[in-house]
Amino acid sequence: MNRQFADDLGTDLARGHVLEWAELYALDAISTDERRGIDAFLADADPAVSATFSERVRTCLETVAIAYAGDQEDPPADLFARIVSQLPGTAGTADPTPAQTGPAAGRAAGGAPVGTDDGDELARRRTAKASMSSRAARWVVAASAAAVLAVGGVTIAQNLQQSTLQEQVLQASDVRTAQLTLAAGGTADLAVSGEEDAAVVTLSGVPAPAPGYVYQMWRIPADGTDPESVGTMTGDDVAGTKVTELEDISGFSAIAITVEPDGGSATPTLPIVAQIPLGA
């Protein structure tokens, strides 16, 4: 995983880390109060954050369904135990010797009566196991989900191990978002973070360019030097929603979009269809 969970949901939400809870939400590995808290947070969150959260939940549920859709081989008997043994915060929580029954039930291993030091130690170990922290429990749930899906031949390891650049930008403490209406039609949603030195541009409802033409996106340097091409977009590319992730944005003042002949151009052709300020 890319990071540990906080001690409670409220702390994570205060930091904007709601996306980290998507798989737990999908697997119903949270309490009713936590689910309500996440729903309330998403209701007031940036639409892009809510959409990303929903997509992660949907992907997780679909992957689980696929994993169980066909005949599956049984996993190794000790797979879960091996995963749990490698999790942080679980050292020393292995199952104690099962409780004895019958005449010897009132005595601990080795013949010592329960209530002696040996009995107290056994009780402490059982208490420690029963009160495993919520942080460790969440590691167990997430790791178990990854193990189940890996056995099924499909895995959500990418979701559990690392965040995409889009998620990192949306969760950054300094993220700024804006929505602009494009002259060609449609909208552009911008999320930019100096902390991540990255931006995400999401185009929605943009009409296809004329036959023989493409849209081309450019980074505009703040020092006035020549624009740098980010890439071209065909009508198929902009159909529906098109997300573009931009790294290393420091030193650039804006993103511009122009209409160019098929294959793109070395320099922008005026007029500019849209110019999206980055705030550099």
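Trainee: What volume does the largest pocket have?
Mentor: A pocket is found on a 1 Å grid over the protein atoms alone, as an open set of points with protein on both sides within 12 Å along at least five of seven lines. Its volume is the space filled by probe spheres set on the points, which are joined across faces, edges and corners. Here the largest pocket has about 480 Å³. Lining residues have an atom within 4 Å of a point. There are 24 of them, and A48, A51, T52, Q166 and T202 are the closest to the centre. This is a predicted model: local features need pLDDT of at least 70, side-chain atom pairs count only at pLDDT 80 or more, and totals for chains, interfaces and linings use all residues. Residues are numbered from 1 along each chain as its sequence is written, and side-chain values use heavy atoms, without hydrogens and water.

Trainee: Which helix gives the most to this lining?
Mentor: Helices are DSSP runs (H or I, at least four residues), numbered from the N terminus. Helix 4 gives the most, with seven residues.

Trainee: How many aromatic pairs does the whole structure hold?
Mentor: A pair of aromatic rings is described by the distance of the centres and the angle of the planes. Rings of Phe, Tyr and Trp (its six-membered ring) pair if their centres lie within 6.5 Å; planes under 30 degrees apart count as stacked, over 60 as edge-to-face, the rest as tilted. The search finds one pair. Y25 and F53 have ring centres 5.2 Å apart and planes at 80°, so they are edge-to-face. Y25 is in helix 2 and F53 in helix 4, 28 residues apart.

Trainee: Is F53 buried or exposed?
Mentor: Buried means under 20% relative accessible area, exposed over 50%, partly exposed in between (1.4 Å probe, protein chains only). F53 has 2%, so it is buried.

How values were computed: 1 Å grid on protein atoms, 1.4 Å probe; cavity = no way out; pocket = protein on both sides within 12 Å on 5 of 7 lines; lining within 4 Å. Helix = DSSP H or I, 4+ residues; strand = E, 2+ residues; numbered from the N terminus.
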